[in-house]
Amino acid sequence: MLLMNVTALITVVLSPLSNSLVQATGPNPVPVPHFPDTVHAVVWRNWGLIPSRRIAAVVGAKQIEIAEMAHRMGLPSEPTITSDFEKRTYLTVIRRNWHLLPNEQLIKLLNWTSEKLAFTLKEDDFLYIKLGSLKPNVPKVIFQKPTEAILQREHEIASVTNECLQGIAGLKREEPLAFVKDLSAYPVSPPTYLASKFDPRFCYSYFATYGDPLLPGQPDPYPEGYLAQLKASGVNGVWLQGVLYKLNPFPWDKKLSDGYQLRLKNLKSLVARAKRQGIGVYLYLNEPRTMNLSVAEKFPAITGVKEGDQVSMCTSTPEVQKYITQSIESICRAVPDLAGFFTITASENLTNCWSHGQGGICPRCKTRTPAAVIAEVNALIQKGIDLSCAQSRLIAWDWGWDNRWAPDAIRQLPARTSLMSVSEWDLPIVRGGVKSNVGEYSLSSVGPGPRAPRHWKIATETPGRAAIAKVQANTTWELSTVPYVPAVYLAAQHAVNVRKAGVSGLMLGWTLGGYPSPNLDAFAIAGSQPNSEVLDIVHQIAVRHAGIQGAGMLQQYWRDISDAFMEYPYSGEVLYNSPVQLGPANLLWDHPTGYHATMTGFPYDDSAGWRGPYSEEIFADQMQKVADGFLKAIANSKIVSKLMGANGAAMKEQQELGTACAIHFQSVANQTRYIQARG
């Protein structure tokens, strides 16, 4: 397959603010030669995720034919698949079938509408971008009666399957998503923390659905037991995405806002439940959303910058300004106990005309600076809060702000608006002899870097304006697959550093990191004990988890893990493009696919796109160093943990977590070397 020229592709066209999905032609899908045909791949990848009757309906088979095919491939008996399970696993279904099914069959498999798929691809944290901003040109998949050759291949697959399953026979297996039930239970003995220097201390749910979580019938993102567990870990705030046209009538197409009253009702209920646990609820805003060209043509007075088939709603127009302010005022009046909002105003989404640096082509914004437009968007939101007389606070996040104009934007923010910066941004590091700077999402690099303190200082020059640090307390895109990376010393050092930097509050993670953990405890202790230092913080946490007898061993384990993690070959390409999130689940191809790695979606075999500034050798060697360091820490701790008695359970849990991390790091090293050898 030839390397793709993305600009020449005709891809799926998403139409936000009209929620339509346009079919088009894209590149050919990657091959799946290990299956006799695509139907077998569909059955294999969806077995246990989607009811067999629906798989059968999608490919034009009888349910019994799909069940027999699964059995012949050695798959276990079909489990019960609940509605809640399907609501929580839709991203997995989309990803597993992106290269297997055309849109119409994918929609049928999900039991969705095309409008719902379009909304999800657009609004579920940039899912379409993570899938490569293209839909492969997949032919319709039709079931055929198996031939003798296919039956033979099924038998071969079953032999491999059975061999693998025998290796785990007798091991205790948790039900899928068992952690949701575990995290929804109330804590047995919650730690008591004194009043913290950090306020707020907010994080995201470990198991929330992202795109439209307030829609009636969606899984509860924050059960009360889970809120209590977060409170026990020192958290006093949680967040979820808010989309203005889903929470307030959209003046230019009110059909898009169907159900907004029910969403507000659910938001009010969530806020009340969280308040009972001493936790505030924040909404993340990335506004205003773009319009599709066909919609924008009807409203030329409010249109701004065009990108592809999308057009920004120009925030320099009175109509859009009124829409933003009135929407916020309406939400605050409907949910007066809402803790607040935080904004991103220069991200992957094209929002205001300067959000992607192209305001110069807007007839209105070209006479204004990026700083003025960006600050004004936040001011319009602050105005809506003020008009409602609510106590909600606004936190403006400087993510994506250009260093050339960010200081002016900060100075122009309203006095009541807090400023949040990624703590570790621009931190210089050296890994494997390669010099680079941290962008974001790093636990292996302890902040603050030079950028955040500079912005915090400018912000706090205005009396009453707070400075907030966005950190990654638990885990990052350095490895998102685990609940937390047990590098507790690094978390504790970062907590102490931001406290000494004088910040007022903490965002404890992006969509990753909402698992109650020793790492969260580190930030809780650092904030509630103003004179605490790293060693004391880690010791307190170790005693809490392993008792006095086992604390020393646990501390040594966390020390070894932290040291090993500092060898991580950090770069944006490694975080977003490499197979570190998938580990062994990333397929190996014997010939180049021609596909480029996508943002945390499909690494493919694009090793050149995985490693950023590192050579293949250094990249593989650094991943190997991290894996070896984790495995050595595990081996050393096992020698002593046998003597820990009842406290050994805590150590075993840490060892299992470390093993999962090591497997992923080792797999990345192995895959890099495989592709290097393949040529």
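User: Between which two helices does the loop that holds Tyr 595 lie?

Analyst: Helices (H or I, at least four residues) and strands (E, at least two) are DSSP runs, numbered from the N terminus. Tyr 595 sits in the loop between α22 (572-577) and α23 (607-610). This is a predicted model, in which local features need pLDDT of at least 70, side-chain atom pairs count only at pLDDT 80 or more, and totals for chains, interfaces and linings use all residues. Residues are numbered from 1 along each chain as its sequence is written, and side-chain values use heavy atoms, with hydrogens and water left out.

User: Is Tyr 595 buried or exposed?

Analyst: Buried means under 20% relative accessible area, exposed over 50%, and partly exposed in between (1.4 Å probe, protein chains only). Tyr 595 has a relative accessible area of 3%, so the residue counts as buried. The C-alpha atom of Tyr 595 is separated by 7.5 Å from that of Asp 605, ten residues apart along the chain.

User: What does the radius of gyration of the chain agree with?

Analyst: The radius of gyration is taken over C-alpha atoms, and the globule rule is 2.2 Å times the number of residues to the power 0.38. For 679 residues, a compact globule would have a value near 26 Å; the chain has 25 Å, which agrees. Along the principal axes, the C-alpha atoms fill a box of roughly 75 × 70 × 50 Å. The chain contains 25 helices and 15 strands, and 59% of its 679 residues count as buried.

User: Which strands pair with β3, and in what sense?

Analyst: Strands of a sheet pair through backbone hydrogen bonds, either parallel or antiparallel. Two strands pair if DSSP finds at least two bridges between them. Strand β15 (residues 505-507) joins β3 in the parallel sense over two bridges, with Leu 506 of β15 opposite Arg 201. Strand β4 (residues 237-241) also runs parallel to β3, and three bridges join them; Val 238 in β4 is the bridge partner of Cys 203.

User: Where is an antiparallel arrangement found?

Analyst: An open sheet of three strands has the order β6-β8-β7 with antiparallel pairing. Its edge strands, β6 (291-292) and β7 (303-307), each pair on one side only. Three bridges join β7 to β8 (residues 310-313), and Glu 307 stands opposite Gln 310 in β8.

User: Which residues does Asn 519 touch?

Analyst: Contact means heavy atoms within 4.5 Å. Asn 519 belongs to helix α20 (residues 518-528) and is buried, at 0% relative accessibility. Leaving aside residues up to four places away in sequence, its contacts include Leu 443, Ala 473, Asn 474, Tyr 484 and Pro 486. Across the chain, among contacts between residues at least 6 apart in sequence, 76% join residues at least 24 apart.

User: How many residues of helix α6 are buried, and what follows the helix?

Analyst: Six of the eight residues of α6 (residues 103-110) are buried, and the helix is mostly covered. Among them are Asn 103, Gln 105 and Leu 106. Asn 111 follows α6, with a positive phi near 65°.
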